[in-house]
Amino acid sequence: EVQLGAIGEWNPKDTIPNEEVVITLSKNSYIKRIKASAFRTQRRGGKGVNVAVKDEDEVKIILSTSNHSDLLFFTNTGRVFSLPAYEVPETQRTAKGQPVINLLSLQKEEEIAAILDLAAVQGNHFALISKKAIIKRVDMDDVKNIRASGLIVMKPKEGDELGWVRVTNGDDNILMVSKHGKAIQFNEEDVRVMGRGAAVVRGMRIAENDSVVEADVVSENDKYVFTVTENGMGKITNIEEYREQGR
């Protein structure tokens, strides 16, 4: 016996195969969805394949996901939008993509800082980290029922912007590294969980002309930090050499 759904209950997921896809976002805010099969596995030293961006543009975010996943788009001004992956227009690898403003109601100077696939992360908190080393921790359950106009999760001060969104499990450490080579590692419990509208706290003291270049979560199985400079110098350091400090 065939059960027919009520009128209006059609779900686009019923007709869209849940294929593995890659979402790319460029620095100039062009976004596209490419079938994962367009990328073949290569050996080290291979030529690579072109994912095409316009002149003077570059790839900023690349995310491996699947068509049915709900993605969260966090902006530099501290808002978050939700969109299923299949609503990002699918293109060939070599196409330029669409301006992301065609999909999300962004304001004039607003840009996407991070894209998260909730199905691919384990944890219960978001750590929101700004370029000026300000941090806020919110409960993931606070970030739901997102309106088409977005949801405010953080309000960076003037001259600052949200740069990183990481998922933590309640017992992780946060590592921040600045452009001038300063780093700090502290337990996430140092930053109490706040509501969406609440204030932010300082993660690390940095000079006026310094800024954060990377922020990440350190879990108990993480052992090393791999550092690469702008001029291509690199080193691997034991995570224990980054002693744990108070914020």
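A patch here is made of residues with over 30% relative accessible area and no salt bridge, where like charges are joined within 9 Å and nonpolar side chains (Val, Leu, Ile, Met, Phe, Trp, Tyr) within 5 Å. A salt bridge is a side-chain nitrogen of Lys or Arg within 4 Å of a carboxyl oxygen of Asp or Glu. Accessible areas come from the Shrake-Rupley method with a 1.4 Å probe, and for residues only the protein chains shown count as cover.

The model is predicted: local features need pLDDT of at least 70, side-chain atom pairs count only at pLDDT 80 or more, and totals for chains, interfaces and linings use all residues. Residues are numbered from 1 along each chain as its sequence is written, and side-chain values use heavy atoms, with hydrogens and water left out.

The chain as a whole, then. It has 18 strands and zero helices; both are DSSP runs numbered from the N terminus, helices being H or I of at least four residues and strands E of at least two. Of the 247 residues, 40% are buried, meaning under 20% relative accessible area. Among contacts (heavy atoms within 4.5 Å) with a separation of 6 or more, 70% join residues 24 or more positions apart. The chain exposes about 15100 Å², with 45% supplied by carbon and sulfur atoms.

Now the patch. Which residues make the nonpolar surface patch of about 500 Å²? They are Tyr 224, Phe 226, Val 228 and Ile 236. Strand β17, residues 224-228, gives the largest share, three residues. Tyr 224 lies in that strand and is exposed, at 56% relative accessible area, the cut-off being over 50%.

Terms used:
Buried means under 20% relative accessible area, exposed over 50%, partly exposed in between (1.4 Å probe, protein chains only).
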